[in-house]
Amino acid sequence: METVRRLVDEAAGLAFERVLFTGGESLLLPDIYPMLAYAAERLPTTLLTNAMLARGARLDQLEAVNHPNLVVQVSLDGGRAEHHDPYRGAGSWQRTVEGLRLLLERGFKVKLATTETPANCAH
């Protein structure tokens, strides 16, 4: 956490426009919540996630650090499972859409990110 504080403070001092937390899956990190809280107090902050873990205790912890500077960017590669799942795993579209719904219900600012693939390029 101390390294993140130092880096965020340095970024703020250098007039960075935004801090992004990415992974793998950032919600797997138990200390992601204080990192997000610290960063969002200082700079616009984006959490990149697939939203599949945005539920239960993780969602509660994320809600506790929600801030006007925090945006949750969710990877969703299409409007249907057959466009998303071939690249993200069977059943992942449904879990991601459920996570999106829960994030929106809790009042998060959400952005979608899509990777164009042969499965979704016509849609």
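Before the helices, one definition: an axis here is a line fitted to C-alpha atoms, for helices over the stretch in contact, and an angle between two axes runs from 0 to 180 degrees between N-to-C directions. Please also keep in mind that this is a predicted model.

Helix α1, residues 2-13, packs with helix α2, residues 32-42, at an angle of about 15°, and their axes are 10 Å apart. Angles under 35 degrees count as roughly parallel, and α1 and α2 are therefore roughly parallel to each other. Their crossing is right-handed. On the α1 side, the contact is made by Val4, Arg5, Val8 and Asp9, and on the α2 side by Met35, Tyr38, Ala39 and Arg42. Sorted by class, that contact of α1 with α2 has 5 nonpolar residues, 3 charged ones and no polar ones.

Staying with α2, which of its residues are buried? They are Ile32, Tyr33, Met35, Leu36, Tyr38, Ala39 and Ala40. As for what the buried residues of α2 pack against, the partners are α1, strand β1 at 19-21, strand β2 at 45-49, helix α3 at 56-64 and strand β3 at 70-75.

Now the second pair. Helix α4 covers residues 81-88 and helix α5 covers residues 92-105; they pack at an angle of about 110°, with axes 8 Å apart. The range for roughly perpendicular is 65 to 115 degrees, and α4 and α5 are therefore roughly perpendicular to each other. From α4, the residues that meet α5 are Ala81, His84, Asp85 and Arg88; their counterparts in α5 are Ser92, Trp93 and Thr96. The contact of α4 with α5 divides into 2 nonpolar, 3 polar and 2 charged residues.

One residue of that contact can be followed further. Ser92 sits in helix α5. Is Ser92 buried or exposed? Its relative accessible area is 1%, so Ser92 is buried. Setting aside neighbours within four places in sequence, Ser92 is in contact with Met52, His84 and Asp85. His84 and Asp85 belong to α4.

On to charges. Side chains of opposite charge can pair when their charged atoms come close. How many salt bridges does a search of the whole structure find? It finds 8. I will cover some of them.

Arg55 and Glu98 meet through their side chains in a salt bridge, at 3.4 Å from N to O. Arg55 lies in the loop between β2 and α3, and Glu98 in helix α5, so this pair ties together parts that are 43 residues apart in sequence. Arg55 is partly exposed, at a relative accessible area of 27%, and Glu98 is partly exposed too, at 29%.

Next is Arg106, which forms a salt bridge with Asp60; the closest N and O atoms are 2.9 Å apart. Arg106 is in the loop between α5 and strand β4, residues 109-113, while Asp60 is in helix α3, so the pair ties together parts that are 46 residues apart in sequence. Relative accessibility is 29% for Arg106, which counts as partly exposed, and 41% for Asp60, also partly exposed.

Arg106 has another partner: its side chain meets that of Glu63 in a salt bridge, 2.7 Å from N to O. Glu63 lies in helix α3, so here the loop between α5 and β4 is tied to a part 43 residues away in sequence. Glu63 is partly exposed, with a relative accessible area of 35%. Put together, Asp60, Glu63 and Arg106 are linked in a network of salt bridges.

Last, the backbone. Most residues other than glycine have a negative phi, and most peptide bonds are trans. Ala15 has a positive phi of about 65° although it is not a glycine. Ala15 is found in the loop between α1 and β1, and at 60% relative accessibility it counts as exposed.

Ala51 also has a positive phi, near 70°. Where is Ala51 placed? It is in the loop between β2 and α3. Ala51 has a relative accessible area of 0%, so it is buried.

That is what I had for today.

How values were computed:
Residues are numbered from 1 along each chain as its sequence is written. This is a predicted model: local features need pLDDT of at least 70, side-chain atom pairs count only at pLDDT 80 or more; totals for chains, interfaces and linings use all residues. Side-chain values use heavy atoms; hydrogens and water are left out. Helices (H or I, at least four residues) and strands (E, at least two) are DSSP runs, numbered from the N terminus. Angles under 35 degrees count as roughly parallel, over 145 as roughly antiparallel, 65 to 115 as roughly perpendicular and the rest as oblique. Contact means heavy atoms within 4.5 Å. Ala, Val, Leu, Ile, Met, Phe, Trp, Tyr, Cys and Pro count as nonpolar, Asp, Glu, Lys and Arg as charged, and the others, Gly among them, as polar. A crossing is left-handed if the near helix is turned anticlockwise from the far one by less than a right angle, and right-handed if clockwise. Buried means under 20% relative accessible area, exposed over 50%, partly exposed in between (1.4 Å probe, protein chains only). A salt bridge is a side-chain nitrogen of Lys or Arg within 4 Å of a carboxyl oxygen of Asp or Glu.
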